[in-house]
Amino acid sequence: DLAAIKNADGVPHIVKPMSEIAGMLAAQLGAHFLASPNGSGKLVGKIGDIIPPCYLIFGAGNVGRTAALMAHSMGARVIAFDTNESLVRELNNKYSNLDGIVFLLYQNTQLQNFLKEGDVFIGAAIPNINGLAAKVLKQSDLKHIKPRSVLVDVAIDQGGCFESSVITTHENPIRIVDGIIHYGVTNIPSIAAHTA
């Protein structure tokens, strides 16, 4: 059992690299489905004076941080949220030299101010003590999101970060809810099985 192999801090060795793979793929999948026929037709990247798409990422642990850096490297604008104030401060200091990426303290009361900005939403919230992911987006929030945006719920294995998420498959990876693309495939790293 690979999860039984732990480092000195008691954290399974396999978790960090699998989380990083999941974060990288989440950013790439968001870009893919955003430019797909079901998506808004926006290319993630910096093209002339066109304002690049914006990623909103919920959770700044290994998955969220890696997704944020991958999306930024592809040319997206990135806003990543986390509930850990010291982590948010640390990441903003660490990546202060990167233009177009910011880490913010998650506050549900201010969330609607950001929803209309997002093109790709990545759910990477860390599960709570019951092993379930926090619901950072409610079904009612979808009406504030641009049509044909993309929600990639990396936490779907733990019940999902988005209330409107359901498990999908590699064969049928998306479903559309209220005009928003939802990606809910479990075990995202299996897409890159060789690397994983």
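Which residues does Leu111 touch, not counting residues up to four places away in sequence? In this predicted model, Leu111 touches Phe58, Tyr106, Val136 and Leu137, where contact means heavy atoms within 4.5 Å. Leu111 is placed in the loop between β3 (101–105) and α4 (112–115); helices (H or I, at least four residues) and strands (E, at least two) are DSSP runs numbered from the N terminus. Leu111 counts as buried, at 3% relative accessibility; buried means under 20% relative accessible area, exposed over 50%, and partly exposed in between (1.4 Å probe, protein chains only). The C-alpha atoms of Leu111 and Asp141 are 9.3 Å apart, although 30 residues separate the two along the chain.

Local features need pLDDT of at least 70 and side-chain atom pairs count only at pLDDT 80 or more, while totals for chains, interfaces and linings use all residues of the predicted model. Residues are numbered from 1 along each chain as its sequence is written, and side-chain values use heavy atoms, with hydrogens and water left out.

The protein chain contains 4 helices and 7 strands, arranged along the sequence as α-β-α-β-α-β-α-β-β-β-β. Its radius of gyration is 16 Å, in agreement with the value near 16 Å for a compact globule of 196 residues; the radius is taken over C-alpha atoms, and the globule rule is 2.2 Å times the number of residues to the power 0.38. Along the principal axes, the C-alpha atoms fill a box of roughly 50 × 40 × 35 Å. Of the 196 residues, 46% count as buried. Among contacts between residues at least 6 apart in sequence, 63% join residues at least 24 apart.

Thr168 lies in the loop between β5 (150–153) and β6 (174–177) and is buried, with a relative accessible area of 9%. A polar atom of the Thr168 side chain is 2.7 Å from the backbone oxygen of Pro173. Beyond the residues up to four places away in sequence, Thr168 touches Pro173, Ile174, Arg175, Tyr183, Gly184, Val185 and Thr186.

Leu43, by contrast, is exposed, with a relative accessible area of 57%. Leu43 is found in the loop between α1 (15–34) and β1 (54–58). Together with Ile47 and Ile50, Leu43 forms a nonpolar surface patch with about 320 Å² of accessible area. Accessible areas come from the Shrake-Rupley method with a 1.4 Å probe, and for residues only the protein chains shown count as cover. Patches are made of residues with over 30% relative accessible area and no salt bridge, with like charges joined within 9 Å and nonpolar side chains (Val, Leu, Ile, Met, Phe, Trp, Tyr) within 5 Å; a salt bridge is a side-chain nitrogen of Lys or Arg within 4 Å of a carboxyl oxygen of Asp or Glu.

Technical notes:
Polar contact = N/O pair within 3.5 Å; in protein donor to acceptor, adjacent residues only side chain to side chain.
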